[in-house]
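Visitor: I'd like to go through this one piece by piece. Can you bring it up?

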Amino acid sequence: VSDCPPVSAPGWRVVGRDRLADGRERVALAPQQSLDPMDVTLTVTAGLTLQMVLTTRNNDVRPRLLTQAFHSYLRVADVEQVAIDGLDGASYLDSLDNGRPDRQAGRLAPTACDRIYHGLADGTPVTVDDPVAGRRVTVTGQGSGSVVVWNPGPQLAARMADLPAPGEAELAMLEAVAAERRPNSRLACQLKASAAFGDHTGRAR
């Protein structure tokens, strides 16, 4: 999105597709509707790892604020048992506490959570440890620098028509966010997601 007048882009169209030498499938998409003066492309590569690259170019001679994000809604077995690794020591703003700044200490329990972690180094892996499902999902962002961790909790979820109860107990969201404000600028945000499976002790199986 940008600070130019909002334009609705209800869908995407395939503009390219190929198979890579290692067997992965790659698909390039563009919005159905023009977002002039912005050029937007989304490239999705699927294999053992899912990789998505969202690229926006501002073709205007004027600076425009570009922000883009991947909303990665991850299904978990029981969010009460989930822990998120990779954010220890990171600064964040707590949106559930009027944007209060704080610093993460240790692992994060994402129940009823809405935090914006910023200043992360490119390629910082953030892992959702889901012991009930015996799965660890690692999300890595490039070109983002910020990560949003969100779970609505039972009170907010009860008011969400598109989240049937008890949907919040099976949901954890990691969102990679990027922003840019320059004329003739290009903003690329990349997200990679992979899963490792094991029992509740973390041993591979």
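Visitor: What stands opposite D129?
Guide: Its opposite number is R136, in β11. Bear in mind that this is a predicted model.

Visitor: How do β10 and β11 pair, and over how many bridges?
Guide: Strand β10 covers residues 125–130 and strand β11 covers residues 135–142. They pair in the antiparallel sense, over 6 bridges.

Visitor: And how many residues are between them?
Guide: There are 4 residues between the two strands, which form a hairpin. In the turn, G134 has a positive phi of about 65°.

Visitor: Which strand pairs with β11 over 8 bridges?
Guide: That is strand β14, residues 186–197, and the sense is antiparallel.

Visitor: Changing topic. Which residues touch the most other members of the largest nonpolar core?
Guide: I84, L87, Y117, V149 and L174 do, in a core of 36 residues. In soluble globular proteins, nonpolar side chains tend to be buried together.

Visitor: What is L174 in contact with?
Guide: Leaving aside neighbours within four places in sequence, the contacts of L174 include F70, I84, V126, V139 and V149. H71 and S72 are also among them.

Visitor: What about a second core?
Guide: A separate core has 6 residues, among them V148, W150, A157 and M173.

Visitor: How many disulfides are there?
Guide: The structure holds 0.

Visitor: Are the cysteines C113 and C189 buried or exposed?
Guide: C113 is at 4% relative accessibility, so this residue counts as buried. C189 is buried too, with a relative accessible area of 1%.

Visitor: Next, aromatics. How many aromatic pairs does a search of the whole structure find?
Guide: The search finds 2. In one of them, Y73 and W150 sit edge-to-face, 6.2 Å centre to centre with 85° between the planes.

Visitor: Where in the chain are Y73 and W150?
Guide: Y73 is in strand β5, residues 64–75, and W150 is in strand β12, residues 146–151. The pair links distant parts of the chain, 77 residues apart.

Visitor: Why does W150 count as buried?
Guide: Because its relative accessible area is 15%, and buried means under 20%.

Visitor: How are Y92 and Y117 arranged?
Guide: They form a tilted pair, 5.0 Å centre to centre, with 45° between the planes. Y92 lies in strand β7 and Y117 in strand β9, so the pair ties together parts that are 25 residues apart in sequence.

Visitor: Buried or exposed, those two?
Guide: Y92 counts as buried at 4% relative accessibility. Y117 is buried as well, with a relative accessible area of 0%.

Methods
Residues numbered from 1 in each chain as written. Predicted model: local features only at pLDDT ≥ 70, side-chain atom pairs only at ≥ 80, totals over all residues. Heavy atoms only, no water. Pairing = 2+ DSSP bridges. Core = buried A, V, L, I, M, F, W, Y, C linked by side-chain atoms within 4.5 Å. Buried < 20%, exposed > 50% of the residue type's maximum accessible area, 1.4 Å probe, protein only. Contact = heavy atoms within 4.5 Å. Disulfide = S-S within 2.5 Å. Phe/Tyr/Trp six-rings, centres within 6.5 Å; stacked < 30°, edge-to-face > 60°.
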